[in-house]
Amino acid sequence: MDGVPYFVTLDEALALIHQHPMELGVERVPLDEAHGRHLSEDLPSLVDDPAFDNSAMDGFACQYDPDANYPLTLSLAGTVAAAKIGDNVVVGPGQAVRIMTGAPMPPGTSAMLPIERCEVDETAATVTLLEAPKPHFVRKQGENLRAGSVALRQGAHMTPARVGLCATMGYETVPVWQRARVAIVSTGDELVPPGTKLAPGEIYESNSYGLAGLVAWAGHTPVRFSAVSDTEEALREALEKAASTCDLVLTSGGVSMGEFDLVRALMEREGDMKFWRVKIRPGSPPLFGTWNGTPLFGLPGNPVSSHVVFRLLVAPFLRLATGADGPAEWRVRAQLRDRVKSTNDCLTLRRVTLTSTPEGLMAHQPRHQGSGNLESLASADALTLLQPGQSGEVGEWIDVMVLQA
Ligand code: AMP
Ligand code: MG
């Protein structure tokens, strides 16, 4: 343990994990498989968007004449539908064409008026524009994106809109970082899988399920191991297997000061520990290091703590590997409507619900805040980010982290 940073601030812990980034490979995936992934390269658009000047609405297109008076009757020179090139339609002075949303503006036109502001006389083949046609109802070639301009950068988290944008830019497949395989190893003699009957002293193992969901939310692949009993041999064997088959190992439990806190004891003796204990509450026991060169987070056993530590330490570590710009929780201001107990030395993360009011977001703390009370997290909207020494009085405006996933 000598020299291993102990009870560090969150910023110190983040700085230490930044010194040991995980390395991932890259691959190309079809767009259907790109959701939730992270780009491994900047993506320049392959085309102009729009690719051609086109009408933003259904209506009539003509040449814009600043000197004309309205209403103005023009003769109809034809119709242009989406996907039809209007080249064969020649629009001269005194003429207009019927045009559909998204259809190319034919030569000789520079403005359009939506159909609701026009009167058509089919027999006379004329249209009367009740007001001036609008040049800004024409979507200009390249006004959204020019071919060659980079719209999505390396590390971009592929949200549905971004996957759609890749298609707009002409990509059928995109280069992404490979998903990290993240081992999840729960420890504890008392843990049994849900679905079995509890014997006295046993509890259902829950951390691995929640953590697996968080890993998937972050865009990576969870690999859930069966819970490991509190013996050094069993734990060593599980760590060997996890470290040799996965890119990152998460353990839960066994990192406190107790006699059976074997993860900490084994990492101290046989692993390479970079820090132990962080000034956050709940969730102060975690450790970070490597096991045979594979990065490892020892998360606390208490269910709320393991989730909180994932969000504060593991998620940033995963984002670091891919330069990811998401997913990440929003940090917003909220006013405390219940008193929240802060501490002198730790960042305090209480589970609160949020209500939106004309005065801003209001944070309530309706639940008992034990770190074993997973229901308090399941029913929460956000975590307080109460700084050491901040009062936590009713009426105080504080930062909160809005929970997603
Ligand atoms: P530990 O850090 O191992 O002392 O565990 C702290 C508390 O969390 C104890 O009450 C454990 O029973 C509980 N706990 C540990 N691991 C899990 C788990 N995987 N699922 C649910 N509860 C757990
Ligand atoms: Mg334990």
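Axes here are lines fitted to C-alpha atoms, for helices over the stretch in contact, and the angles between N-to-C directions run from 0 to 180 degrees. Helices (H or I, at least four residues) and strands (E, at least two) are DSSP runs, numbered from the N terminus. This is a predicted model, in which local features need pLDDT of at least 70 and side-chain atom pairs count only at pLDDT 80 or more, while totals for chains, interfaces and linings use all residues. Residues are numbered from 1 along each chain as its sequence is written, chains are lettered from A and ligands numbered from 1 in the order in which they are written, and side-chain values use heavy atoms, with hydrogens and water left out.

**View 1. Helix 3 packs with helix 6 at an angle of about 15°.** Helix 3 covers residues 207–217 and helix 6 covers residues 303–322, and their axes are 10 Å apart. The two helices are therefore roughly parallel to each other; angles under 35 degrees count as roughly parallel, over 145 as roughly antiparallel, 65 to 115 as roughly perpendicular and the rest as oblique. From helix 3, N207, G210, L211, L214, V215 and W217 make the contact, and from helix 6, P303, S306, H307, F310 and R311 do. Contact means heavy atoms within 4.5 Å. Sorted by class, this contact has six nonpolar, four polar and one charged residues. Ala, Val, Leu, Ile, Met, Phe, Trp, Tyr, Cys and Pro count as nonpolar, Asp, Glu, Lys and Arg as charged, and the others, Gly among them, as polar.

**View 2. The axes of helix 4 and helix 5 cross at roughly 65°.** These axes come within 10 Å, and the two helices are therefore roughly perpendicular to each other. On the helix 4 side, E232, L235, R236 and L239 meet L262, V263, L266, R269 and E270 of helix 5. Five nonpolar, no polar and four charged residues make up this contact.

**View 3. Helix 5 has buried residues.** Look along residues 262–270 for L262, V263, R264, A265, L266 and M267, which are buried. Buried means under 20% relative accessible area, exposed over 50%, and partly exposed in between (1.4 Å probe, protein chains only). The buried residues of helix 5 pack against helix 4 (232–245) and against strands 18 (248–252), 19 (272–278), 21 (287–291) and 22 (294–299).

**View 4. V255 sits in the loop between strand 18 and helix 5.** With 1% relative accessibility, V255 counts as buried. Leaving aside neighbours within four places in sequence, the contacts of V255 include W276, P285, L287 and P300. Find G323 too: it is 68 residues from V255 along the chain, and their C-alpha atoms are separated by 29 Å.

**View 5. Q365 lies in the loop between strand 26 (360–364) and helix 7 (374–378).** Q365 counts as buried, at 18% relative accessibility. Not counting residues up to four places away in sequence, Q365 touches D338, R339, V340, R350, R351 and V352.

**View 6. E23 lies in the loop between helix 1 (10–18) and strand 2 (26–30).** E23 is exposed, with a relative accessible area of 74%.

**View 7. C118 is buried, with a relative accessible area of 11%.** The closest cysteine sulfur to that of C118 is in C62, 8.7 Å away, too far for a bond. A disulfide is a pair of cysteine sulfur atoms within 2.5 Å, and by this rule the count comes to zero.
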